[in-house]
Amino acid sequence: MKHLLDIGVLSVEDLHHLMALTDHMVEVNQRPIPKVPALRGKTVVNLFFEDSTRTRTSFDTAARRLSADVMNFAVSSSSVNKGESLRDTIETISAMGVDAFVVRHRSSGAPQQITQWTNASVVNAGDGWHQHPTQALLDCFTIRTHLNRRDGFDGLHIAIVGDIKHSRVARSDVQAFTTLGARVTLVAPPTLLPPAVEQWPVDISHRLDELVGEVDVLYLLRMQRERMTDALVPSLREYTAHYGLTPPRARRLQPHALVMHPGPMNRGVEMAVDPSELPGSVVLHQVTNGVAVRMAVLFDLLGSGADLGKTDHPRGEDR
Amino acid sequence: MTRTIIRGGTALDQTGRRRADITIDGGVIVGVADALEASGADDGDDVVVLDATGCVITPGFVDLHVHLREPGREEAETIETGSRAAALGGFTAIVAMPNTEPAHDSLATVEFVRAQARRAGLCEVAPAGCITMARAGSALAPLGELADAGVRLFTDDGNGVQDAALMRRALEYAKPLGITLAQHCEVASLTKGAVMHEGSCCSHLGLPGWPAIAEELMVHRDIELVRLTGAPVHFLHLSTARSVELVRQAKADGLPVTAEAAPHHFTLTDEMLMGYDSVFKVNPPLRTAADIAAIKRGLADGTIDAIATDHAPHPPEAKEAPLDEAPPGMLGLETALALAITELEMPLEEIVAALSWKPAAIAGLGDRHGRAIAVGEPANLTVFDPDLAWTVVPSKLASLSRNTPYAGRTVRGKVRHTIYSGVAVVVDGVAQR
């Protein structure tokens, strides 16, 4: 794998391979000194054209735990406004010597375009409404761990609820979950579904109440306030009434069902219960797994077979 | 004065097809003969002979839709470089869209464009006027003043006129002036932030969609306004199947409407964007195979009158941007003829009609372009080899910009000579100035 741009191009075997690698990384992260020399000498650039402290921090932590050198660039969102094209920006930073770009961009497709202008690996850390492949991997890993599904998701029913149309998380998760064998139902008003959704490998529902009691995973998406000004939903109150996880709906969840969210949550909107009181909430586990998954991805892209079992002892310390 | 003889070709115009050697003198066709004597008598020192063996000689092409970028964006194209691209594409006249800076909403700008075109001397440039001041959609541009100065086509291209009342007034005002309003059909509220055709590709790519209905609603509205006012409307760059059907019905109703289609709308689908290459971003967007089929049918049955390129140069630094930031548009002048010959299953006569006399009439240029090849007519002629295969190489194009979506594509049909106002401005595929 040279780049990770789009979860949809990965096969079942690829997904299982990356999750098996993630198992190793989870083990590394549980050590007293959670650091290995696997990517020593490699330079990873976090290139965030769109602000995202949590994703950047997660990638940053992942790269450092693998002993990579990390550069962080925050670039104002519109390169055109600066008079520098995206190509110029990439070629300039590439010239400093870079092994991987971790790219977050508000525009769909930007990470893929960047691959034309650099020899470095490119990891998509979220582009527009398009893809967020490491989020999909960490979601798969979380489901695999918490529902004990090491062999795949056959027979699982996963509902993804909310603003599918504008969601890179939904696009990535649908592809990853269905590749692993799950049945996915998208739950949203028609205004928040993407065009031509009938060609997606999913079922569609407009009533959360119809399936909240039968799903194995309830995946809630963030409901953004600007959707109201675009007349996609009348009000947050109405959205919560139809699509939010309210206490009555939470009580109908199956005992084993997981509740997931990519964060940041809108408490009182899509998450209208206290997640800490939900036995099935794995929201914080998603965050924890995010670091391990990103370590696995960076290692897979940049690693050269370095021994993951070896602890990186601080210089001069010999045990 | 130097005489020019085009020898060995087949003349093709609205009167049919025939062997003809054509003599030009003083900007006018002075002789059309079955075959001049092979040599000698007519070939003096002051005679230029252009070989047209295996070629077709037609009235010069007229492009209803060209963005020349000057004034204001001379890094993308100038009137001179755009004129050169036009001449190489076989066009002897082009309509310059008014979305320059400043826009074509004053006599001063229109006269500037004409002066620059005369200086270049490669083809006639007919500036289209704006319908509204600065194309802002709120106040009428000086339609009468510009009409008095010879402007025949008016449009806010790039923007559709959103306000139905304003469009109605513009049509009512325009009617006695003998001008044609040309509409860029796009209901802006339906295309906010739109990057590409709304369909399965945009759904997959996560890009905001440009729905077909945004074009069709305005086509429909303007057809009804034509029915109300009786003033003619020309529909720019139709891209959807339903738009073609609406225009077909309007013509059947006898309404004075005309329409054009761009080569990219009968050759490329929205799937081209699956690799996020902004060279394929254009407005209106590339659509589906079904739309392409409908555009081709519309051209074949005459619903769509003209092939117009929507030549829209952009420099690499503008296009090397994320899809939503990159400007829409692609080059067209130098590839239009070949794409039409290669991709349209139409007789050559009909392809030439859609490139020459039909658009000449819509542009109000029919007194000097797109005329039958006959003694006494202005010598605006195109000579092309309909069978010559060639490969599109961006760096070999005359346009200042390189944003052709056809790089590497092999096509058939190439312009050999272009005669503008009696002067051979392109000889053997090479621009002479």
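**Helix packing, domains and core: a quick chat**

Biologist: Hi! Which residues in H1(A) meet which in H5(A)?
Modeller: Leu15(A), Leu18(A), Met19(A) and Thr22(A) in H1(A) meet Leu137(A), Cys140(A), Phe141(A) and Arg144(A) in H5(A). Two residues are in contact if their C-beta atoms, placed from the backbone, lie within 7 Å. Helices (H or I, at least four residues) and strands (E, at least two) are DSSP runs, numbered from the N terminus.

Biologist: What should I know about the model itself?
Modeller: This is a predicted model, where local features need pLDDT of at least 70, side-chain atom pairs count only at pLDDT 80 or more, and totals for chains, interfaces and linings use all residues. Residues are numbered from 1 along each chain as its sequence is written, while chains are lettered from A and ligands numbered from 1 in the order in which they are written.

Biologist: Back to those helices: at roughly what angle do the axes cross?
Modeller: Roughly 70 degrees, with the axes of H1(A) (residues 12-29) and H5(A) (residues 133-146) coming within 10 Å. Axes are lines fitted to C-alpha atoms, for helices over the stretch in contact, and angles run from 0 to 180 degrees between N-to-C directions. H1(A) and H5(A) are therefore roughly perpendicular to each other; that label covers 65 to 115 degrees.

Biologist: Switching to chain B, which domains is it divided into?
Modeller: Domain 1 covers 3-57 + 375-397 + 407-431 and domain 2 covers 60-362, with bounds from an automatic or database domain assignment. The centres of these two domains of chain B, taken over C-alpha atoms, are 28 Å apart.

Biologist: How many residues are in contact there?
Modeller: 20 residues of domain 1 of chain B are in contact with 23 residues of domain 2 of chain B. On the domain 1 side, S17(B) gives the largest share, seven residues.

Biologist: And Glu277(A), is that buried or exposed?
Modeller: Glu277(A) counts as exposed because 9 C-beta neighbours lie inside 10 Å (12 or fewer is exposed, 20 or more buried, partly exposed in between). Glu277(A) lies in the loop between strand S9 (258-260) and helix H11 (283-302) of chain A.

Biologist: Last one: which residues have the most contacts inside the largest nonpolar core?
Modeller: Ile160(A), Val161(A), Leu218(A), Leu298(A) and Ile57(B), in a core of 232 residues. Such a core is a set of buried Ala, Val, Leu, Ile, Met, Phe, Trp, Tyr and Cys residues joined through C-beta atoms within 7 Å. H11(A) gives the most to this core, with 10 residues.

Conventions: Parallel < 35°, antiparallel > 145°, perpendicular 65-115°, else oblique.
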